[in-house]
Every structure is written in structure tokens, then in C-alpha cells.
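Please have a look at it first.

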Amino acid sequence: MVAGGDTCVISVDITITSPGDFVNVADDLMSNLGASAPGSAVAALAGGTLLDIPTMSPLGLIGLAGLLALLAILTIRRRS
């Protein structure tokens, strides 16, 4: 039971079809103690948004590996 002046948190799972601002409006909450005032909540949801992650092409990775190997060989030769 929720006493007067206290808050009650209700969690729900939702599914959205596009990102945007959504308003949830609830009617009066009915209980054996009577009705409460209506409630509302606003949520800015960005579900389903995929961001591109920058990556290198396979050829670029091979080139980078070759460059690192060359630098390693040159460093080892200088120390010897």
C-alpha cells in the first residue's frame, strides 16, 4: 500500500518502431482508497538506431601490420 504523498514506480517494457519523443498519459489510478490524480510521463527514445563504427579494410590492416613489422625490425637492428 502506498501512503499519501509517497510515490510509486511502475516499470514496463516497450517496443518502438521509430525514434522520437513519446508521451504516456495515465488516467486516474483506482484503488480501494479512491482515485488518484492522473499521471503523465515524457520519454525521448532512440531505439533501433545503429551507429556505424569506423573500421579499416582488410587491405588497410595488412598494410598497417606490414608497417609495424618493418618498424619493429628497424628498431631491433638499431639496438643490436
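Predicted model: local features only at pLDDT ≥ 70, side-chain atom pairs only at ≥ 80, totals over all residues.

Strand E4 gives the largest share of the lining of the largest pocket, six residues, where strands (E, at least two residues) and helices (H or I, at least four) are DSSP runs numbered from the N terminus. The lining counts 22 residues, and Ile 10, Asn 24, Ala 26, Ser 40 and Ala 41 are the ones that lie nearest the centre of the pocket. The elements that give two or more residues to this lining are E1 and E4, the latter spanning 39-45. The volume of the largest pocket is about 690 Å³, a volume being the space filled by probe spheres set on grid points that are joined across faces, edges and corners. A pocket here is an open set of points, on a 1 Å grid over the protein atoms alone, where a 1.4 Å probe fits, with protein on both sides within 12 Å along at least five of seven lines, and lining residues have an atom within 4 Å of a point.

Residues are numbered from 1 along each chain as its sequence is written, and side-chain values use heavy atoms, with hydrogens and water left out.

As for the overall arrangement, the protein has one helix and four strands, which run β-β-β-β-α from the N terminus on. Of its 80 residues, 0% are buried, buried meaning under 20% relative accessible area, exposed over 50%, and partly exposed in between (1.4 Å probe, protein chains only).

Let me turn to Asp 28, which sits in the loop between strand E1 (20-26) and strand E2 (30-31). Asp 28 counts as partly exposed because its relative accessibility is 41%. Beyond neighbours within four places in sequence, Asp 28 is in contact (heavy atoms within 4.5 Å) with Ala 35, Ser 36, Ala 37 and Pro 38.

Finally, Leu 74 lies in helix H1, residues 58-79, and is likewise partly exposed, since its relative accessible area is 41%.
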